[in-house]
Amino acid sequence: MASPRSLYLVSRPLYTEDSLAEKHEKVCRDRKTLSQHVLQYFKWDTKRAKKAGLSLLPIIGWMRIYQIKSWLLGDIVSGVSTGLVAVMQGLAFAMLASLPPEYGLYTAFFPMITYFFLGTSRHISVGAFPVLSLMVSAVVTTMVPEKGDAVDIPGFDGKDKEQKRVLVASSMTFLVGMYQLGMGLLQVGFVVRYLSDTLVSGFTTAAAVHILVSQLKFILGLEVTSFNGVLAIIYTLEEIFVKIGDTNLCDLVTSLLIIGMVFVYKEVNDTYKDKLPVPIPIEVIMTVIACGVSYGLDFEKRYQITVVGEMKRGYEAPIAPDIDVMKASAMEAFPVAIVGFAVAYSVAKVYSVKHDYTIDGNQELIAFGVSNMFGASFKSFAASTALSRTAIQESSGGKTQVAGLVAAMMAMLVTLALGFLLAPLPKSVLGALVVVNLKGMLMQFSILPSLWRKDKLDLVVWVVTCLASILLGLDLGLGVGLGVELLTVVFRTQFPRCSVLANLTGTDLYRDRKDYMCITAQKGVVIFKIPSPIFFANVDFFREKLNDAVGFNPLKVLRKRNKAERKMKDASIWVGSFNFQFCWKRKRNLASRHEGDVVATWPDMHADEPEQPMQIDWKGNLPSNVSVPRVDLHSLILDFSAVTFLDIAGITGLKMVVKEFIRLRVDVYIVSCDECILEKLHRCAFFDDDVSRSIFYPSLHDATLSVLESQKGAHPPGSVVRNEQLDLLSRSTIYPCNGLRIYVELHFHLYFSLYI
């Protein structure tokens with residue numbers, strides 16, 4: 001049974017914007033000038049200094065509320081679990097970046113140390129991210145290819161291939177950190193908003209395809225040339241298929257076993273995750289088993305598989321970035337900075353909403369900028385976050401970044417003491433772990449049917465971004481996707497869905513008349529709504545849609561009327577300097593005279609009066625040789641409730657539209673106009689003798705009631721000349737008078753009312 005609806009009744013006067021302002025006094029607000037804003041920005045006091053300190057060091061905020069008894073144990077358990085996964089992913093993603101595996105451990109340690117103090121998110125796990133690793137690899141392999149000579153850079157002198165690649169990766173990462181730090185200091189964290197979820201989804205899906213293809217050489221045990229640039233993925237697949245006959249079966253079988261077992265476990269784990277107190281690190285377990293089997297059966301010598309080999313023990317001395325490398329990678333580093341921040345911010349935002357705390361986008365930029373610069377000094381590569389690690393850190397009981405600090409300590413432990421145990425690990429195992437962790441990104445293909453049903457423009461953004469990133473490369477693909485996304489915004493604003501509204505019977509509500517059955521539409525009234533700003537790009541579209549809504553082009557009608565008036569004036573007869581004027585009068589008390597008789601009167605030749613403009617009833621029957629479109633519209637209401645701004649071109653176009661309808665004797669009303677737009681109209685001299693503020697109304701219902709009231713008195717008593725009689729005067733007539741040919745000029749004084 002439906003619950004009874006509440007009713008409300010409101011009794012108030014009918015308002016225009018002017019009468020509303022007279023009745024209800026506004027608050028006078030003092031708006032600050034630009035100089036005042038600048039002075040306030042640079043004005044410092046104790047309170048602002050304290051706030052800035054807390055903003056730059058968010059650790060102070062959450063450490064003050066840290067609950068040792070409730071949170072510490074969960075953070076430690078979570079840190080150990082996350083750290084084990086971070087170690088395995090660091091090794092695998094370092095290979096993805098075309099670097100030795102141990103540098104992935106550096107990326108799991110150094111960036112996390114600085115983020116612990118500067119980051120605002122309490123749950124993300126900072127470290128290697130496969131998409132960034134792949135983007136770094138593109139630069140590394142371009143400057144230091146597998147085969148052939150490296151680019152000519154002075155900093156490469158005396159270094160082997162591995163050292164050159166490490167220098168390229170660290171220098172580029174330092175530049176990535178500089179970009180992020182600069183954007184954070186300039187408070188431009190809002191740039192990430194231009195990367196929609198749809199664009200990021202298509203981009204990361206394409207990156208997953210690139211990662212999958214790049215790991216095939218490890219899974220199959222093949223030596224494949226690294227390609228970069230446009231169609232690099234096609235060339236890579238071509239070479240893989242050419243060499244597929246040389247596949248190492250041991251690598252292939254090992255990889256398939258790892259992928260199958262980890263995939264099955266993850267599916268089971270997702271099903272029963274609520275019953276498990278802590279997620280089991282299956283990647284670590286499989287890595288330990290693979291190391292043991294490889295060492296026991298001597299895979300490297302018996303089956304000629306490639307293993308991780310001996311890793312460097314401990315940390316190397318910090319290095320300075322190479323300026324020449326930074327110059328050469330400046331273009332490629334910027335999308336890495338944007339993508340790394342966008343992914344980390346998106347993940348951080350999800351968990352901040354879930355756990356009810358706020359994150360600061362600008363501070364996140366500063367935190368990741370400093371983290372990447374600090375890590376690059378110790379030869380790590382670009383860091384962000386990975387959704388799988390963050391999910392483990394949060395689901396295993398992590399409350400703060402203490403868990404992240406513990407995870408970093410796990411990576412340090414492996415680097416300092418346990419790295420030798422990973423020497424017999426086959427690289428195909430790391431490749432398999434990378435592939436199996438792509439499941440989440442590759443499954444994003446499943447959202448395509450949903451996008452098709454919900455928003456086809458978003459589907460276009462997703463598909464174009466994904467295809468462009470796959471075929472053109474991740475850097476160019478991101479640019480193409482961003483361009484297409486901005487074009488969709490332009491398309492939505494330049495071609496909005498305009499509508500003609502009507503009153504829902506018995507209410508003061510107005511909706512699209514195509515969507516409802518019980519509506520009330522007043523004859524001769526059109527209510528037009530444009531749900532978009534009116535600016536230079538869509539002002540012509542606004543005029544076209546408005547013309548479609550009213551059923552005619554006002555400018556063309558005006559031209560035809562002017563032409564008809566000139567034709568009527570040309571029907572004239574002159575008698576020297578004498579001027580005969582024919583008038584028609586229809587009076588009730590003159591029964592003896594036939595209605596419509598022509599009466600000639602001799603005007604006062606000494607009267608010096610200006611010629612009155614012709615007034616013609618264009619809705620009546622016009623002469624046979626005059627053709628003018630009939631306009632039954634008497635009132636036009638423009639609903640501006642969804643118009644957020646007008647630029648100069650929009651204001652000029654709107655004024656032309658209003659004047660054209662006024663010249664057609666159509667009353668124009670503009671309703672629900674924002675106060676800021678009204679102020680701008682005043683500044684831009686929108687109002688004049690023809691267009692006044694009285695046409696603005698606060699609501700649609702006010703304007704509609706005003707139209708109804710004005711139409712009640714639309715035909716006051718007065719004189720009129722019937723248009724049927726104009727046919728007599730549409731021809732030049734010659735009358736004989738005293739032997740002269742008398743030319744009589746016909747002046748028409750027509751009125752729109754009849755004697756009743």
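Guide: Two strands count as paired if DSSP finds at least two bridges between them; strands (E, at least two residues) and helices (H or I, at least four) are DSSP runs, numbered from the N terminus. This is a predicted model, in which local features need pLDDT of at least 70, side-chain atom pairs count only at pLDDT 80 or more, and totals for chains, interfaces and linings use all residues. Residues are numbered from 1 along each chain as its sequence is written, and side-chain values use heavy atoms, with hydrogens and water left out.

Within strand S10, Asp-667 stands opposite Ser-635, a residue of strand S9 (residues 635-639), which runs parallel to S10 and is joined to it by five bridges. Between S9 and S10 the chain passes through helix H26 (residues 648-663), and this β-α-β crossover is right-handed: with the strands pointing away from the viewer, the path from the first strand over the helix to the second runs clockwise.

S10 also pairs with strand S11 (residues 696-697), again in parallel, through two bridges. Here Val-671 has Tyr-697 of S11 as its bridge partner.

Strand S10 (residues 667-671) is largely enclosed by the rest of the structure, because four of its five residues are buried. Buried means under 20% relative accessible area, with a 1.4 Å probe and protein chains only. In the protein chain, 48% of the 756 residues are buried, and the secondary structure comprises 29 helices and 13 strands.

Definitions and conventions:
Buried < 20%, exposed > 50% of the residue type's maximum accessible area, 1.4 Å probe, protein only.
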